[in-house]
Amino acid sequence: MTALLPDDLVLTRRRWSVRASRRTLLCAVAMGLLLLALGVTALMVGEYVVTPEALVRTLVGDPPARLDGFFVLGRRLPRALVAIVVGICLAVAGAVFQTLTHNPLASPDVIGISSGASVGAVTVFLVWGGSIDQATLGAIVGAVVMAGVIMLLTARSGLHGVQLILTGVALSAIAMAVVDYVLTQVFVASATTAQTWLVGSLQGRGWSDLVPAAAALVLLVPVIASTAPAVRMMPLGDQLATALGVRVTRARWVLLICATLLVAVAVATAGPVSFVALVAPHIARLLCGRTSLIVAGLTGAVLLLASDLLALYAFPAPIPVGAVTITLGGGFFLWLLFREGARRG
Amino acid sequence: MSSSSLISRRAEAGDRTGLRWPWPATLLSIILLAVAIVLSLAVGARFIPFDEVVRSLFGTGDQNVLNIVGELRVSRTITGLLCGVALGAAGVLMQALTRNPIADPGMLGVNAGASFGVVAGLATFGALGVGGTVWLALAGAAAASAVIFWFSGSRFAAASPVRLVLAGVAFSAILGGATQALVLTDERILDVFRFWRVGSLTARPAEEVLGLVAFVIVGAVLALLLAPVLNLMSLGDDSAIALGVRPGLVRALGLVAVTVLCGTATAVAGPISFLGLVVPHLLRRVVGPDLRAVMPLALVVAPAMLLLADTAGRLIGRGAEVQVGIVMAFVGAPLLIAFVVGRRRAGLS
């Protein structure tokens, strides 16, 4: 691919240059605008409606009424930001897993990494009575262990395609059995809290929840982006890529670890919200014709924020956002399976 | 070959061609079941010696023992037998009907359908006895199995057994999401549901469970009757039609049987996965693929395995017992992984 396509934009400054396809840029801008629109909606609507004018004044630091300030700055803004950050984390992780495994179905929630994180977080939270921060650590440990087990099984048998998925499903079943057991051992109030968390919920998420997820995003995404040249060479095959000077194995490990950490942080923040990690990269790919982390991330944010709005206002009582994403995403997963099957004939 | 009617030719081909009944396996299965029943009655937070178990079964002996064995352990043993028979038969049927060696009613979403039916009922009508629950579970299971069979009949699943299971998993996930949404709207439902969901043999009192024996018997008899015909269908629909089988009718009857069996088991004990996967596998290893042998043996081995899992769960937890559904997940999921990993080179795509 030495000859640039005519619709590619190239930006050159002294020693470096950036290439981007027009279509990808367009998609990113469109997604960004959609996200902005959803964000504004999320800030304005609810039982207490904030007018556009009041919203602007609140955001610049001069709320017309105390309630405006409370709802916009104290409640809705942090919740929307958490949705956006978690959505980006999940979608980027999903895109990385799908690229690494060459498997359109292999997102972290499908192959069991989210379940691993759930086990870690629930164990710390309910069994040892840990705080939210400790639960985050537990989620990270759980996710890493699960990723390790999958890697072990994969490395020994060279699992590809649907086998990898089914192995993950089976591991997930074990993990969820552990979670279910823990849930029966506690009082019903804790069980309710944990259950809501296990479906994936943004209820009551505030500024303090935003910090770990945002920090992870800021730290890990540049690392993931830095492996982009190596990833571009991977389709050539490991030998050729290595011959061309790309450290394929190292890049793969870096990606795997970063993506696992992103999932763990997302799960610790909002619970194992299903299928965003699976669906967002697909939608991004359908839109811009290639895997773009930026578009995938923005799509994930749009999906999660939109699902949260649906979960809040589309039903008689607010339900956890995970119940919306699992229903929509499960349908999408089925459609993907059918399409894959139709292709193979 | 006196009669030339298709029916009897089918019977000729299906019922009498060279099945040597596997007596050793039968004997072993029956011993296993007997051991499982005795252990289920004897083992628990308080261990009761065998002779006392026998004495209390006849209504004599220590009053405390009588209470434990009579009230609690007999009840859960009966529940275990019933659910084991139902899930074992349903597993064999499901694998035969979908021609898929890794089909399991739990994983394919039939149990999830039954769960959804039950929770929808709880949400609509409040608390229910097992009588009401079973009809809701049956309705949910029927809808779910109809969808699964539609999947399995479509072109996309014919090529790969794994794909059907994945479709089932996704379908379960959708139903699970809907179930969760309902459960979380009401703390009372959650309180009932969180115990029911893990799959437990103590969820229902024995009198209510005994009311459902008829369902399981109907389902099991249907399964036994279908076994020889399903043998013929394993050759493919065309060959089966040539041999006088009506595949549509067999599938419909099989669907009814799976629905009745899974719906009842789920109504009684909650969703228990993997039993329907593990038992047929084990039996095929031992006695070969002939369903005329596999099906009856499954009716013996499956309850034995379920009772053993339940007994193990009582011991592992040391007082705080581990529900049987959880134990089964720990037994069944590794087996599934082993199967998937092992079959890779056999061209399972």
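A:F275 is buried, with 31 other C-beta atoms within 10 Å; a residue counts as buried if 20 or more other C-beta atoms, placed from the backbone, lie within 10 Å of its own, as exposed if 12 or fewer do, and as partly exposed in between. The model is predicted, so that local features need pLDDT of at least 70 and side-chain atom pairs count only at pLDDT 80 or more, while totals for chains, interfaces and linings use all residues. Residues are numbered from 1 along each chain as its sequence is written, and chains are lettered from A and ligands numbered from 1 in the order in which they are written.

Although A:F275 is not a glycine, its phi is positive, at about 75°. The residue lies in the loop between α11 (248-270) and α12 (276-288) of chain A, where helices (H or I, at least four residues) and strands (E, at least two) are DSSP runs numbered from the N terminus. In chain B, B:F274 likewise is a residue other than glycine with a positive phi, near 75°. B:F274 is placed in the loop between α14 (247-269) and α15 (275-287) of chain B, and it is buried, with 29 other C-beta atoms within 10 Å.

Helix α12(A) also packs against helix α3 (residues 66-101) of chain A, at an angle of about 75° and with the axes 7 Å apart. Axes are lines fitted to C-alpha atoms, for helices over the stretch in contact, and angles run from 0 to 180 degrees between N-to-C directions. The arrangement makes α3(A) roughly perpendicular to α12(A) (angles of 65 to 115 degrees count as roughly perpendicular, under 35 as roughly parallel, over 145 as roughly antiparallel and the rest as oblique). Contact, defined by C-beta atoms placed from the backbone and lying within 7 Å, involves A:G87, A:L90, A:A91, A:A93, A:G94, A:A95 and A:Q98 of α3(A), together with A:V276, A:A277, A:L278, A:A280 and A:P281 of α12(A). These residues comprise 9 nonpolar, 3 polar and no charged, with Ala, Val, Leu, Ile, Met, Phe, Trp, Tyr, Cys and Pro taken as nonpolar, Asp, Glu, Lys and Arg as charged, and the others, Gly among them, as polar.

Chain B contains 17 helices and 0 strands, and 54% of its 349 residues are buried. Of the contacts in chain B between residues at least 6 apart in sequence, 77% join residues at least 24 apart. Helix α2 (residues 23-42) of chain B has 20 residues and spans 28 Å from first to last C-alpha, close to the 28 Å expected at 1.5 Å a residue, the expected span being 1.5 Å times one less than the number of residues. Its buried residues include B:S29, B:L33, B:A36, B:I37 and B:S40.

Helix α2(B) packs against helix α16 (residues 291-317) of chain B at about 30°, with axes 8 Å apart, which makes the two helices roughly parallel. Among the contacting residues are B:S29, B:L33, B:A36, B:I37 and B:S40 of α2(B) and B:L297, B:V300, B:A304 and B:L308 of α16(B). By class, this contact has 14 nonpolar, 4 polar and 1 charged residues.

Between the chains, the contact takes 42 residues from chain B and 42 residues from chain A. On the chain B side, α8 (155-158), α9 (161-183), α10 (187-197) and α17 (324-343) each supply at least two residues, and α9(B) gives the most, with 15 residues. That side has 28 nonpolar, 8 polar and 6 charged residues.

Conventions. Contact = placed C-beta atoms within 7 Å.
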